[in-house]
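This briefing is set out by topic, with cut-offs given where a term comes up. Please read it alongside the sequence and the 3D structure.

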Amino acid sequence: MGSVTYDNIAELVTNDPTQGDESFLGLRHDAAVVVDDGVVAWIGEAGQASPTDERVDLEGRCVLPAFVDSHTHLVFDGDRAEEFAARMAGQPYAAGGIRTTVAATRAASAEALLASATKRLTEARSQGTGLVEIKSGYGLDVATEVKMLQVAQQLTDETTFLGAHVVPTEFADDHRGYVDLVTGDMLDACAPYAKWIDVFVEDGAFDAEAAREILLAGQAKGLGLRVHANQLRPGPGVQLACDLGAASADHCTHLTDGDVAALADSGTVASLVPGADFSTRSPVYPDGRRLWDAGAAVALATDCNPGTSYTTSMPFVIALAVRECHLTPSEAVWAATSGAARSLRRDDAGRIAVDDPAALTVVDAKTHVHLAYRPAVPLAQVLGEPAP
Ligand SMILES: [Zn+2]
């Protein structure tokens, strides 16, 4: 790979206050970064780097840590455009639409799933995303859950077993039997391919008691915990995530004061996915302002999935988080990088630091503010990736 100097960076977001100004973004102006064999080797003033094999003049653009998309359902087959159109015509969203994707995903080959997920991952990288998390959860039988995780594992280390997404049709009259499967044979088969376990805690999906049992079974197998919590109405998901020391409580659209306090007092990151609130035309967005002001760690993710948030664009999510969740542009950029890395308990991602793997995103603007200020304009791209 050799060494390369990225020079003439107007604004460098390091997310390390000791690296730059004392803000949480650790900003440096008129900076340069040297990458040697894929590792950040030097950070300093523009024009001051020692000679390297290659020099890229960024001509006054902004560089930030590549986005970390900490919540995706990138592996699936089929789409739900008709369901989306119906919802936009006034029909409400219910959790059961997932079953449409289950039927298509069960029928798809691993090769087909890998091809379509790779295409979506390429799409994400062309918009500045470095690291992604990918969940199973469209199999809901042992063979398909394993198939999904094996595909996901070819694309990322951050794989999540979500057998407890919804109860499949064949267990409609036997929820207990499905919880036994998820905590038994399905978990045994899936755990070797997963780093995390996740549960959808919601009316129509899993209640707190079943979710606790499933999460504890996963933890006993060495999996880290994540929870789909408080998406459609207030509920027990956030408190359960905090009680069990989960890395992340995702959605957090409907929170009580007690939920906000629990998140602020715990190591559980509040991962907001406002693309889902957008695509379901939710009357309420997660209140990022309230969470940030309470001292909770906030992350942003796409929740890319064919039913309720079919976007791979972290810049779109940043723009939504600023407009609808009332984060500032700086807070939203932090949440999409450092906050999301924290939700995956990854201290080697979401920041730019010497000796870390280099995952840099360039924004074709002089400041990160443009990510929210110029919505839907393709400004961000992982450095070193071909243009879309
Ligand atoms: Zn999700």
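Two strands pair if DSSP finds at least two bridges between them. Strands (E, at least two residues) and helices (H or I, at least four) are DSSP runs, numbered from the N terminus. On that basis, S7 pairs with strand S8 (residues 196-200) in the parallel sense, over 3 bridges.

The model is predicted: local features need pLDDT of at least 70, side-chain atom pairs count only at pLDDT 80 or more, and totals for chains, interfaces and linings use all residues. Residues are numbered from 1 along each chain as its sequence is written.

**Domains**

- The protein is divided into domain 1 (3-65 + 351-382) and domain 2 (67-343), with bounds that come from an automatic or database domain assignment.
- Taken over C-alpha atoms, the centres of domain 1 and domain 2 are 30 Å apart.
- Domain 1 puts 20 residues into the contact and domain 2 puts in 19 residues; two residues are in contact if their C-beta atoms, placed from the backbone, lie within 7 Å.
- On the side of domain 1 that touches domain 2, at least two residues come from each of S4, helix H14 (370-373) and S14.
- S14 gives the most to that side of domain 1, with 3 residues.
- By class, the side of domain 1 that touches domain 2 has 15 nonpolar, 4 polar and 1 charged residues. Here Ala, Val, Leu, Ile, Met, Phe, Trp, Tyr, Cys and Pro count as nonpolar, Asp, Glu, Lys and Arg as charged, and the others, Gly among them, as polar.

**Open sheet**

- An open sheet with mixed pairing is formed by 6 strands in the order S3-S2-S1-S4-S13-S14.
- Strand S3 (39-45) and strand S14 (380-382) are the edge strands, each pairing on one side only.
- Strand S4 (residues 54-65) and strand S13 (residues 360-363) run antiparallel and are joined by 4 bridges.
- Val63 stands opposite Val362 in S13.

**Parallel pairing around S7**

- All of strand S7 (residues 158-164) is covered: 7 of its 7 residues are buried. A residue is buried if 20 or more other C-beta atoms lie within 10 Å of its own, exposed if 12 or fewer, and partly exposed in between, with C-beta atoms placed from the backbone.
- Strand S6 (residues 129-135) also pairs with S7 in the parallel sense, over 3 bridges.
- Thr160 in S7 stands opposite Lys135, and its bridge partner in S8 is Trp196.

**Nonpolar core**

- The largest nonpolar core has 126 residues, of which Val33, Leu300, Ile318 and Ala321 touch the most other members. Such a core is a set of buried Ala, Val, Leu, Ile, Met, Phe, Trp, Tyr and Cys residues joined through C-beta atoms within 7 Å.
- Helix H12 (residues 314-323) gives the most to this core, with 8 residues.
- Domain 1 and domain 2 each supply at least three residues to this core.
- Not counting residues up to four places away in sequence, Leu300 touches residues including Leu272, Val317, Ile318, Ala321 and Gly339.

**Positive phi**

- Most residues other than glycine have a negative phi.
- His326 is not a glycine, yet has a positive phi of about 65°. His326 is in the loop between H12 and helix H13 (329-343) and is partly exposed, with 18 other C-beta atoms within 10 Å.
- Asp355, also not a glycine, has a positive phi of about 80°. Asp355 lies in the loop between H13 and S13 and counts as exposed, with 8 C-beta neighbours inside 10 Å.
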